[in-house]
Amino acid sequence: MRVSMDIELQDAPGQLVQALKPISEFRGNLVSVVHHHEKRTPRGTIPVQVVFETDAFNVSPLITKLENLGVGVIRVNEEKFLEKGTVVLIGHIVHTDLEDTIDTIDKTGYAEVVELHLSMPSINKSSSASFRIDAVGKKELKDAISLLRSVAIKKDLVLIEPIESEIL
Amino acid sequence: MKTIKASIIGFGSVGQGVAKVLLRKKEELRSMGLDIKVVAVADSKTSVIDMNGLDLAHVLERKASEGNVGDANITGHDIIRDVDHDVVIETTPTNINTGGVGLQNMLMAFNKKRHVVTSNKGPLALKYKDLSALASKSGCAFRFEATAGGAMPLLNLVRDTLSGNDVISIEGIFNGTCNYILTRMMEEHATYELMLGEAQELGIAEKDPTYDVEGIDSACKLVILANAVFGMDVAYEDVHVTGISRITPEALMLAETNGYVVKLIGEVNRQRIQVAPRLVPIGHPLAVGGTLNVASLQTDLAGPVIVVGRGAGSIETASAILSDIISIYKD
């Protein structure tokens, strides 16, 4: 998951390196570091914003470690899902247990259906639905869509997936 | 000046297009040092032969007025076997189940050491390996640009212009009929049946549209690309195919709300060959409308290369056939 953290450092040499070291110790992959040296907090410390990717279970011990080192952790924002995707389904979506179709994704733990739009023009006609899926990463999004693919085959639904190429 | 004796076997829309193009480009071909002399033309019932070269304008007129090309009762297959010539232009209709007369014609041509230039997908989708092995054993050229993308250059693009590149994948729209129907469904918020009807009225879709709308045509083209570009050994059965007949206007609108159009996309790489309706981001190079075809090639050196063009049509297909004939004699 992606974590964005506001921390505060003492105005002394070597503080930034000391604060970043534990992040890499906890297998964090740094995305960005913004060091506001010109801004001072009322406490006389320097605010720094760091963004990194790591596994969820690393976050809490990392915070403890930082605090033990005298680094103030002011705000932590965890963003679990980094990848977003859309698919469209056609067929008897509701009568083939829509809840079960959604559960296929939600049960994975790495992806969730976050939005569903359903269009049912008349009782005997095929319904159409768009699913927005959030996943923790690219691979997980692909895995979630391929799970949905097997469900679609089983329930005789047409699954319209996004194209592979990423030219733009 | 090099004189090339050719036959046109199959004189429907494509065969006639070839005759028209050869007439129109006679001078340009001569300036390249090529004198292409058509010594025989066969349609499904009749044929005409003249070893001094046929008057193609006359053959086209007769086909238009009487519905046949001549009085000779000799089949295309017999012409390939018995008439002395260099290149067989094979433009009989595609038969995806048996390969049809096209397959027999091509086999005979190679046995008689004649080059083959074709627009006929059936034999290639079924027997590519056998045909290309026989062609190289006989020392014959086997060219089929028209089968993969119509007028859109793909095979020659990869072989000549992109040579040295490794093609990683090809994906695109390989059927203009499907693209037309999907484009119009989206524009008019209309049903598949309604827009199929419109396409049929305009002559864009056949009376029996199965071959196009169920993705069979696109699948044949992917098989040809898989074999010819990726060196795979696959046939039609190896393609996962989903057509467009179950697409609803509501699905297209939901896609649009999310920033996508729906296109029948063919995709080939070393792992999979698939034809299916897919979501293409609006504004993406693959999101072309109308009857256009498009192909995006991912290459290791040049990165993505995209070609857009007409996938069908009499003169357009003949353009690919002409470029194939020229390429044989330029080599």
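Two residues count as being in contact here if their C-beta atoms, placed from the backbone, lie within 7 Å. Keep that in mind for the exercises below, and remember that this is a predicted model.

**Exercise 1. Work out how many residues each chain puts into the A–B contact, and which elements of chain B carry its side.**

Step 1: Count by chain. Chain B brings 25 residues and chain A brings 18 residues.

Step 2: Go through the elements of chain B. α13 (249-257), β9 (260-269), β10 (273-281) and β11 (292-299) of chain B each give at least two residues to the side that touches chain A. The top contributor is β10(B), with five residues.

Step 3: Sort that side of chain B by class. You get 14 nonpolar, six polar and five charged residues.

Step 4: Look for strand pairing across the chains. Strand β8 (residues 158-162) of chain A pairs with β10(B) in the parallel sense, over two bridges. Within β10(B), Leu279(B) stands opposite Pro162(A).

Step 5: Check the predictor's scores for the complex. The ipTM is 0.84 and the pTM is 0.83.

**Exercise 2. Decide how chain A compares with a compact globule of 168 residues.**

Step 1: Start with the radius of gyration. A compact globule of 168 residues would come out near 15 Å, whereas chain A has 22 Å.

Step 2: Take the box along the principal axes. The C-alpha atoms of chain A fill roughly 70 × 30 × 25 Å.

Step 3: Bring in the domains. Chain A splits into domain 1 (2-79) and domain 2 (83-160), and the C-alpha centres of domain 1 of chain A and domain 2 of chain A are separated by 38 Å.

Step 4: Of the 168 residues of chain A, 28% count as buried. Among contacts in chain A between residues at least 6 apart in sequence, 69% join residues at least 24 apart.

Step 5: Read off the elements. Chain A has four helices and eight strands, running β-α-β-β-α-β-β-α-β-β-α-β from the N terminus.

**Exercise 3. Describe how the two domains of chain B meet.**

Step 1: Domain 1 of chain B covers 2-151 + 314-330, and domain 2 of chain B covers 161-310. Their C-alpha centres lie 28 Å apart.

Step 2: Count the contact. Domain 1 of chain B gives 14 residues and domain 2 of chain B gives 15 residues.

Step 3: Find the elements on the domain 1 side. α6 (121-138) and α7 (145-149) of chain B each supply at least two residues there, and the largest share, six residues, comes from α6(B).

Step 4: Sort the domain 1 side by class. There are eight nonpolar, three polar and three charged residues.

Step 5: Glance at the confidence. Chain B averages a pLDDT of 95, with 100% of the residues scoring at least 70.

**Exercise 4. Are Arg27(A) and His189(B), with their positive phi values, buried or exposed?**

Step 1: Note the angles. Arg27(A), which is not a glycine, has a positive phi of about 55°. For His189(B), also a residue other than glycine, phi is near 50°.

Step 2: Arg27(A) sits in the loop between α1 (15-25) and β2 (29-35) of chain A. His189(B) sits in the loop between α9 (176-188) and α10 (192-201) of chain B.

Step 3: Arg27(A) has 12 C-beta neighbours inside 10 Å, so Arg27(A) counts as exposed. His189(B) has 11 other C-beta atoms within 10 Å, so His189(B) is exposed too.

Definitions and conventions:
Residues are numbered from 1 along each chain as its sequence is written. Chains are lettered from A and ligands numbered from 1 in the order in which they are written. This is a predicted model: local features need pLDDT of at least 70, side-chain atom pairs count only at pLDDT 80 or more; totals for chains, interfaces and linings use all residues. Domain bounds come from an automatic or database domain assignment. Ala, Val, Leu, Ile, Met, Phe, Trp, Tyr, Cys and Pro count as nonpolar, Asp, Glu, Lys and Arg as charged, and the others, Gly among them, as polar. pLDDT is the predictor's confidence in each residue, from 0 to 100. The radius of gyration is taken over C-alpha atoms; the globule rule is 2.2 Å times the number of residues to the power 0.38. A residue is buried if 20 or more other C-beta atoms lie within 10 Å of its own, exposed if 12 or fewer, and partly exposed in between; C-beta atoms are placed from the backbone. Two strands pair if DSSP finds at least two bridges between them.
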